[in-house]
Amino acid sequence: MVINRNSRKITKSRGRANNKLIKDNFCSSIESLPNELLIEIVAKIASVSFKNYINVKLSCKVFHEVANERYVYQNATLAEFPIEPSWEKRKQEKINKLTSFVELCRECGNTEALYRKGVMDFFKDDRPELALEFLKRAAKGGHVGAFYVIGIIMVFMGGDYKKKGIMLIGNMKQTKPLRKITREYRNKLVEILRIIWVNNPLVLGQRPTPCTIQHQRIRSNGWDSEDEDEDIDFHCDACSCDVEIAYIVNVLPRY
């Protein structure tokens, strides 16, 4: 059977027409849904995958408009975004777009974006007051890692701040489940500090020592460990805080 060129053109034309019809019907169906539901759907997608968020945003006009809602940016995941992008010239345009997206998320109250900004402002840019402002906003939104970093910063700041920081870190490690969560966010902070260039002289100077008595740590199962502390019984909040400071100091550059 021979199919001429005109037949192929007709087939392609019909295929495009069918695709357009399907898309128009899809958009019409979407438009009939309540706007609040559409925002919730797009926000849920954005909270899981940035790539899928972009795909949905480009799928139709309705989703494109909804994708720019404040609530969507507030809940978007930044898991696919590097802490510090590689500033290669050929990637400049892409970097600008990604940076702009992160800034929008931060302006809309995205807790992860606020957390990252706070960490960068304190450890890299030596702006403690601004850092605490962003971190407090993230903590208010429920970001546990922000509470942890606030505690660490306060210990490094010394004085009355140090006492508050010790108390905060101590409260975060009162029980085994809490210590497990704390370890997760400690590791997250350590990972960031290994990537960025730490410039704050406050953390590059003398290591703060929360506990002056240096109590011995005791594990409830009779074994000691340098890597895990969920089972360790601490004599005081300062002892508990000492462990955290040790992890942070160990990844800081030495001059």
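Helix axes are lines fitted to C-alpha atoms over the stretch in contact, with angles from 0 to 180 degrees between N-to-C directions; helices are DSSP runs (H or I, at least four residues) numbered from the N terminus. The model is predicted, so local features need pLDDT of at least 70 and side-chain atom pairs pLDDT 80 or more, while totals for chains, interfaces and linings use all residues. Residues are numbered from 1 along each chain as its sequence is written, and side-chain values use heavy atoms, without hydrogens or water.

Select α9 (residues 144-157) and α11 (residues 176-195): their axes come within 9 Å and cross at roughly 70 degrees. The two helices are therefore roughly perpendicular (65 to 115 degrees).

Next, display the side chains at the crossing. V144, G145, Y148 and V149 of α9 meet I181, T182, Y185, R186 and L189 of α11, where contact means heavy atoms within 4.5 Å.

Stay on α11. Its buried residues (under 20% relative accessible area, 1.4 Å probe, protein chains only) include T182, Y185, R186 and L189.

Move to G158, in the loop between α9 and α10 (159-171). G158 is buried, at 17% relative accessible area, and its C-alpha lies 9.8 Å from that of L202, 44 residues apart in sequence.

Finally, select F50 and F81, an aromatic pair (ring centres within 6.5 Å) of edge-to-face type (planes over 60 degrees apart). Their centres are 4.8 Å apart, with 75 degrees between the planes. F50 belongs to α3 (residues 50-57), and F81 to the loop between α5 (70-75) and α6 (92-107).

Definitions and conventions
Angles under 35 degrees count as roughly parallel, over 145 as roughly antiparallel, 65 to 115 as roughly perpendicular and the rest as oblique. Buried means under 20% relative accessible area, exposed over 50%, partly exposed in between (1.4 Å probe, protein chains only). Rings of Phe, Tyr and Trp (its six-membered ring) pair if their centres lie within 6.5 Å; planes under 30 degrees apart count as stacked, over 60 as edge-to-face and the rest as tilted.
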